[in-house]
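Q: I would like a close look at one part of this model, with the cut-offs spelled out.

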Amino acid sequence: MESYLCHHCSVAKGHLQSVATGSILATTYQLGKYLKHSLPDPRYNVQSVFDSISTQQYTSYIVSSALSGSVQFDDQGRTNIIWVAGNPTGFEFRSGVLIQPQDAVKVVLSADTAKIHAFPQASTTFSAQKCSSCGATAIA
């Protein structure tokens, strides 16, 4: 079962301090994920693509997520960060066709320095969740 921590509890419990943002393209896995989420490719049935191919902007999205996001522990034991940006972050494509803009960022595998990566997502795919530590809203 998924669980969530608000930003305050995520920081207090050390889940955001260890986010490796210095070498986000250090592995071939990370480079592949960066390319997947930078350029639309009709081979993907569903693909989210950032609004910029700049590695500086990509890094900025990961840093902003770590500075302001909430933590999600998903059903597969992964630690992810969800940050609702409040402005466009990218677009969703289906088979190469633009579907809708995205206004949030999900940083996945944030506890694994060799696999951490991010992609844009629509904030409407998230719902308000209670922090499993303090009961505050974890995702807003």
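What is the order of the strands in the open sheet, and is the pairing parallel or antiparallel? Please go on from there to the aromatic residues around Phe-50.

A: This is a predicted model, in which local features need pLDDT of at least 70 and side-chain atom pairs count only at pLDDT 80 or more, while totals for chains, interfaces and linings use all residues. Residues are numbered from 1 along each chain as its sequence is written, and side-chain values use heavy atoms, with hydrogens and water left out.

The open sheet has 3 strands in the order β2-β5-β6, and the pairing is antiparallel. From one strand to the next the twist averages 25°; axes here are lines fitted to C-alpha atoms, for helices over the stretch in contact, and angles run from 0 to 180 degrees between N-to-C directions. Helices (H or I, at least four residues) and strands (E, at least two) are DSSP runs numbered from the N terminus, and two strands pair if DSSP finds at least two bridges between them. Strands of a sheet pair through backbone hydrogen bonds, either parallel or antiparallel. Between β2 and β5 (residues 90-94), which run antiparallel, there are 5 bridges. Phe-50 stands opposite Gly-90 in β5.

Phe-50 is buried, at a relative accessible area of 4%. The classes are buried under 20% relative accessible area, exposed over 50% and partly exposed in between, with a 1.4 Å probe and protein chains only.

In the whole structure, 3 aromatic pairs are found. Rings of Phe, Tyr and Trp (its six-membered ring) pair if their centres lie within 6.5 Å; planes under 30 degrees apart count as stacked, over 60 as edge-to-face and the rest as tilted. Phe-50 and Tyr-58 are edge-to-face, because their ring centres are 5.6 Å apart and their planes stand at 80°. Tyr-58 is buried, with 1% relative accessibility. Phe-50 and Tyr-61 form a stacked pair, 4.9 Å centre to centre with 15° between the planes. This pair links distant parts of the chain, since Phe-50 is in strand β2 and Tyr-61 in helix α3, 11 residues apart. Tyr-61 also counts as buried, at 6% relative accessibility. Tyr-34, Phe-50, Tyr-58 and Tyr-61 form one aromatic cluster.

Thr-59 lies in helix α3 (residues 55-68). Thr-59 is partly exposed, with a relative accessible area of 23%.
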